[in-house]
Amino acid sequence: MAYKIVEANCTGCGACEFECPNQAISEKGGLFIIDAAKCTECEGAFDSAQCAAVCPVDDTCIPV
Ligand code: SF4
Ligand code: SF4
């Protein structure tokens with residue numbers, strides 16, 4: 001399981017990138033993406049997914 005960023009909703013604000021405990025989020029050409037291979041859904045590090053917690057846009061960082 002991993003989270004993903006819904007491209008259509010992402011404003012590119014970058015708030016999520018440095019909150020990820022696994023450095024799973026990166027920016028490529030103005031779009032932010034989550035490397036599913038690195039995403040642990042924050043298990044063991046935080047009580048909730050930090051990307052979703054800090055994202056100012058609802059329904060942008062979602063579990064898949
Ligand atoms: S759920 Fe946690 S580990 Fe996964 S991308 Fe978001 S901040 Fe990173
Ligand atoms: S915090 Fe949300 S809107 Fe901002 S770059 Fe991350 S996914 Fe996009």
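The structure is a predicted model, in which local features need pLDDT of at least 70 and side-chain atom pairs count only at pLDDT 80 or more, while totals for chains, interfaces and linings use all residues. Residues are numbered from 1 along each chain as its sequence is written, and chains are lettered from A and ligands numbered from 1 in the order in which they are written.

**Overall fold**

- The protein chain has one helix and four strands, where helices (H or I, at least four residues) and strands (E, at least two) are DSSP runs numbered from the N terminus.
- Read from the N terminus, these elements follow the order β-β-β-α-β.
- The protein chain is as compact as a globular protein of its length, because its radius of gyration of 10 Å is close to the 11 Å that the globule rule gives for 64 residues; this radius is taken over C-alpha atoms, and the rule is 2.2 Å times the number of residues to the power 0.38.
- Taken along the principal axes, the C-alpha atoms fill a box of roughly 30 × 20 × 20 Å.
- Among contacts between residues at least 6 apart in sequence, 59% join residues at least 24 apart, a contact being a pair whose C-beta atoms, placed from the backbone, lie within 7 Å.

- Buried residues make up 25% of the 64 residues; a residue is buried if 20 or more other C-beta atoms lie within 10 Å of its own, exposed if 12 or fewer, and partly exposed in between.
- Leaving aside neighbours within four places in sequence, Cys51 is in contact with Tyr3, Cys16, Glu19, Cys20, Ile25, Ile34 and Cys61.

- Strand β2 (residues 25-28) runs antiparallel to β3 and is joined to it by four bridges, where two strands pair if DSSP finds at least two bridges between them.
- Ile25 has Ile34 as its bridge partner in β3.

**Surroundings of the ligands**

- Ligand 1 is surrounded by 15 residues, the closest being Cys20, Cys39, Cys42, Ala49 and Cys51, with a residue counted if its C-beta atom, placed from the backbone, lies within 6 Å.
- The shell around ligand 1 has ten nonpolar, three polar and two charged residues, where Ala, Val, Leu, Ile, Met, Phe, Trp, Tyr, Cys and Pro count as nonpolar, Asp, Glu, Lys and Arg as charged, and the others, Gly among them, as polar.
- Ligand 2 is surrounded by 14 residues, the closest being Cys10, Cys13, Ala15, Cys16 and Cys55, and its shell has ten nonpolar, four polar and no charged residues.

- Most residues other than glycine have a negative phi.
- Cys42, in the loop between β3 and α1 (50-54), has a positive phi near 65 degrees, and it is buried, with 20 other C-beta atoms within 10 Å.
- Gln23, in the loop between β1 and β2, has a positive phi of about 50 degrees, and it is exposed, with 10 other C-beta atoms within 10 Å.

Note on methods. Two residues are in contact if their C-beta atoms, placed from the backbone, lie within 7 Å.
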